[in-house]
Amino acid sequence: MVEYQLLRATSLVEALEILAEKDNVECLAGGTDLLVDLHKQDSKFDQIDYVLDISSLKELKGINLGDKKAVIGSLTTHADLIESEEIQQKLPFIAEAAKSIGSTQIRNRATIGGNLVNAAACADSFSPLIALEAEVVLASRNGERKLSVRDFVKAPYKTALKKDELLKEIVFELPQGKYYSSYQKIGRRKALSISRISLTLLGEVKVDKVFKIQVVSGAATPSPVPFAEVNSYLLNKKLADIDPVEAGRLAAEEMVEITGERWSTPYKRPALAKLVERAVDDFLKEAANSG
Amino acid sequence: MAKLDVEITVNSKKYNLKVGSQERLLDTIRKELKLTGTKEGCSVGECGACTVIVDDKAVNSCMILTAQVDGSEIITVEGLESKKGLSPLQKAFVEKQAIQCGFCTPGMLMSALALLKNNPRPNKEKIKTALEGNLCRCTGYQQIIEAVETAAKEWGV
């Protein structure tokens with residue numbers, strides 16, 4: 001039986017105090033994952049005594065992209081990300097990933113922090129943030145610590161968050177120079193679909209070569225990881241020498257190495273190859289267009 | 001379990017309520033306020049039948065606890081009709097035969113209203129995006145989209 005007392009925090013300090021003082025507390029943000037599980041009486045939550053509503057904490061909201069350092073508050077909703085002109089201009093792949101999540105109703109409530117803390121294998125927020133080499137700031141009564149988004153997620157539905165900690169914000173350095181990106185996703189239908197495969201490509205070009213590159217999986221692997229083989233294939237390569245089909249093939253091989261042959265492999269192998277091919281195509285086209 | 005004090009405004013009427021920890025906005029609207037226009041479909045955020053507007057945004061009321069919306073302005077389908085009769089949006093749904101069994105209609109109306117409040121002249125793509133979280137198993141959506149387009153044209157009237 002899932003039964004809990006709802007607590008409402010009015011400030012971050014108060015929320016951290018509650019997390020430090022009480023046991024068996026689950027934090028509630030947008031609620032689009034947690035409230036479904038609680039309503040279904042998911043036995044995973046049999047042990048909780050409290051649900052701590054943090055959804056109104058102003059300290060955890062907002063997007064601040066400076067010239068170099070960027071901060072996204074953990075309670076920023078996917079709708080906020082889509083509507084942000086700064087995000088659209090500087091980090092369009094984050095807006096693309098946010099658009100692909102749920103439906104209008106869900107994007108109006110669901111938060112980027114909630115997506116990370118829930119840490120579903122198919123969560124759409126990971127690959128863009130890992131491509132940016134973003135870090136999460138985890139706050140507790142005793143202070144704050146930073147962890148890369150990649151290390152934050154341990155396994156599907158498992159993160160490094162401690163019981164007295166709250167995901168406060170996501171921080172990263174804004175990419176500099178000439179950079180281009182692509183976000184790709186396949187689901188079973190457009191709206192409300194759970195990602196079968198998604199990925200982010202973020203690359204920087206200097207003169208006619210790939211200076212920096214991150215191609216990161218989402219949903220294709222149990223936890224989101226950079227495709228090391230694809231990245232090393234693309235890095236330092238002249239744009240003219242890049243074969244998008246080869247990049248796709250390498251990604252698909254790498255995925256199968258990680259996941260092993262599964263019932264879904266005959267579908268996922270060519271599907272992922274094509275997505276990576278499209279992402280690399282996008283990257284090359286954008287780079288060519290901007291000269 | 002201690003009850004929580006909540007003040008919400010629903011369809012311009014203020015309510016001071018004591019709600020349970022697990023009470024969803026959908027439960028409050030239907031059971032406490034007896035506003036049964038809002039429907040419970042899937043209870044997991046897939047169907048949109050329970051869509052209401054909270055502070056100008058369309059949300060699934062099955063995925064929000066009432067205690068989370070303390071101080072908010074809420075609109076349900078009952079808020080559309082006035083002394084003058086049906087709203088232009090409702091009229092458009094009737095005129096375009098955008099209703100068959102009617103179960104999805106309150107949610108569709110709320111998603112459409114949230115869109116039109118924010119963007120009075122949406123194109124077809126924007127309408128489709130606004131309605132993508134609302135399932136209709138009767139109409140095939142075409143009439144619903146046409147109804148919203150019609151309402152958008154007459155919204156100023």
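1. Two strands count as paired if DSSP finds at least two bridges between them. With that in mind, look at chain B, where strand β3 (residues 51-54) and strand β5 (residues 73-75) pair in the antiparallel sense over 2 bridges. Inside that pair, I53(B) has I75(B) in β5(B) as its bridge partner. The element names come from DSSP runs numbered from the N terminus: helices are H or I runs of at least four residues, strands are E runs of at least two.

2. Some housekeeping before going on. This is a predicted model, in which local features need pLDDT of at least 70 and side-chain atom pairs count only at pLDDT 80 or more, while totals for chains, interfaces and linings use all residues. Residues are numbered from 1 along each chain as its sequence is written, chains are lettered from A and ligands numbered from 1 in the order in which they are written, and side-chain values use heavy atoms, with hydrogens and water left out.

3. β3(B) and β5(B) belong to an open sheet of 5 strands, ordered β2-β1-β5-β3-β4, and the pairing is mixed. At its edges sit β2 (13-19) and β4 (57-60) of chain B, each pairing on one side only. On average, neighbouring strands here are turned by 40° against each other, direction ignored; axes are lines fitted to C-alpha atoms, for helices over the stretch in contact, and angles run from 0 to 180 degrees between N-to-C directions.

4. Two helices of chain B pack on this sheet. Helix α1 (residues 25-32) touches β2, β3 and β5 of chain B, and its direction makes about 105° with that of β3(B). Helix α3 (residues 105-118) touches β3, β4 and β5 of chain B, at about 30° to the direction of β3(B). Contact, here and below, means heavy atoms within 4.5 Å.

5. Which residues of α1(B) are buried? They are L25(B), L26(B), D27(B), T28(B) and I29(B), where buried means under 20% relative accessible area, exposed over 50%, and partly exposed in between (1.4 Å probe, protein chains only). These buried residues pack against β2, β3 and β5 of chain B. Just after the helix, K34(B) takes a positive phi of about 55°.

6. M110(B) counts as buried because its relative accessibility is 0%. Setting aside neighbours within four places in sequence, M110(B) is in contact with T51(B), V52(B), I53(B), I75(B), T76(B), V77(B) and L80(B). The C-alpha atoms of M110(B) and I75(B) are separated by 7.9 Å, with the two residues 35 apart along the chain.

7. α3(B) also has a helix partner. It packs with helix α5 (residues 142-154) of chain B at an angle of about 40°, the axes being 11 Å apart. Which residues make the contact? From α3(B) come M108(B), A112(B), L115(B) and L116(B), and from α5(B) come I144(B), V148(B), A151(B) and A152(B). By class that is 8 nonpolar, no polar and no charged residues (Ala, Val, Leu, Ile, Met, Phe, Trp, Tyr, Cys and Pro count as nonpolar, Asp, Glu, Lys and Arg as charged, and the others, Gly among them, as polar).

8. Over to chain A, where 3 strands form an open, antiparallel sheet in the order β11-β12-β13. The edge strands are β11 (178-186) and β13 (209-218) of chain A, each pairing on one side only. Neighbouring strands of this sheet are turned by 10° against each other on average, direction ignored. Helix α5 (residues 92-99) of chain A packs on the sheet and touches β11 and β12 of chain A; its direction makes about 10° with that of β11(A).

9. Within that sheet, 9 bridges join strand β12 (residues 197-206) of chain A to β13(A), and the two run antiparallel. L202(A) stands opposite Q214(A), and V205(A) has V210(A) as its bridge partner. The hairpin of β12(A) and β13(A) has 2 residues between the strands, and V207(A) takes a positive phi near 55° there. Why is β13(A) described as largely enclosed by the rest of the structure? Because 7 of the 10 residues of β13(A) are buried.

10. Last, H78(A), which lies in helix α3 (residues 78-83) of chain A. H78(A) counts as buried, at 2% relative accessibility. Not counting residues up to four places away in sequence, H78(A) touches residues including A98(A), I101(A), R107(A) and S125(A).
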